[in-house]
Amino acid sequence: YNDGRYPLARDLLLGAREIDPRNVDIHMLLALLYMDTGQPELAAASLENVLAIDPSHPDARALYYQLTR
């Protein structure tokens with residue numbers, strides 16, 4: 001992800017999400033990746049997943065607010 005290899009990072013994160021769908025860190029990284037690649041709808045959906053697992057997650061709440069206001 002940090003190297004700009006977004007397709008590879010996305011594929012790895014989606015695979016990890018299949019294995020551990022309740023892992024908040026995976027959903028947060030997907031949200032950041034989608035934001036960095038200009039896909040706000042997918043970023044919002046990933047943040048919604050985070051908030052469904054942890055409704056008080058401060059970073060997810062802040063980013064979701066920025067995307068949806």
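## Helices α2 and α4

Helix α2 (residues 24-36) packs against helix α4 (residues 58-68) at an angle of about 30°, and their axes are 11 Å apart. That angle makes α2 roughly parallel to α4 (angles under 35 degrees count as roughly parallel, over 145 as roughly antiparallel, 65 to 115 as roughly perpendicular and the rest as oblique). Axes here are lines fitted to C-alpha atoms, for helices over the stretch in contact, with angles running from 0 to 180 degrees between N-to-C directions. Helices are DSSP runs (H or I, at least four residues), numbered from the N terminus.

The crossing of α2 and α4 is left-handed, a term for a near helix turned anticlockwise from the far one by less than a right angle. On the α2 side, Met28, Leu32 and Met35 meet Asp59, Ala60, Leu63 and Leu67 of α4; contact means heavy atoms within 4.5 Å. By class, the residues of this contact are 6 nonpolar, no polar and 1 charged (Ala, Val, Leu, Ile, Met, Phe, Trp, Tyr, Cys and Pro count as nonpolar, Asp, Glu, Lys and Arg as charged, and the others, Gly among them, as polar).

## Helices α3 and α4

Next comes α3 with α4. The two axes come within 9 Å and cross at roughly 145°, and the crossing is left-handed. From α3, the contact takes in Pro40, Ala43, Ala44, Leu47, Glu48, Val50 and Leu51, while α4 brings Ala60, Arg61, Leu63, Tyr64 and Leu67. These residues divide into 10 nonpolar, no polar and 2 charged.

## Helices α1 and α2

The axes of α1 and α2 come within 10 Å, crossing at roughly 155°. This makes α1 roughly antiparallel to α2. Their crossing is left-handed. Among the residues in this contact are Tyr6, Leu13 and Arg17 of α1, and Ile26, Leu30 and Asp36 of α2. The contact holds 10 nonpolar, 1 polar and 3 charged residues.

## The nonpolar cores

Which residues make up the largest nonpolar core? There are 8 in all: Val24, Met28, Ala31, Leu47, Val50, Leu51, Ala60 and Leu63. A nonpolar core is a set of buried Ala, Val, Leu, Ile, Met, Phe, Trp, Tyr and Cys residues joined through side-chain atoms within 4.5 Å. Two or more residues of this core come from each of α2, α3 (40-53) and α4. A second, separate core has 7 residues, including Ile26, Leu33, Tyr34 and Ala43.

Leu47 belongs to the largest core. Setting aside neighbours within four places in sequence, Leu47 is in contact with Met28, Ala31, Ala60, Leu63, Tyr64 and Leu67.

Val50 lies in helix α3 and counts as buried at 0% relative accessibility (buried means under 20% relative accessible area, exposed over 50%, partly exposed in between, with a 1.4 Å probe and protein chains only). Beyond neighbours within four places in sequence, Val50 is in contact with Val24, His27, Met28, His57 and Ala60. Ser46, found in α3, is buried too, at 3% relative accessibility. Not counting residues up to four places away, Ser46 touches His27, Leu30, Ala31 and Tyr34.

Is Gly15 buried or partly exposed? Gly15 sits in helix α1 (residues 6-19) and is partly exposed, with a relative accessible area of 29%.

## How to read the values

Residues are numbered from 1 along each chain as its sequence is written, and side-chain values use heavy atoms, leaving out hydrogens and water. In this predicted model, local features need pLDDT of at least 70 and side-chain atom pairs count only at pLDDT 80 or more, while totals for chains, interfaces and linings use all residues.
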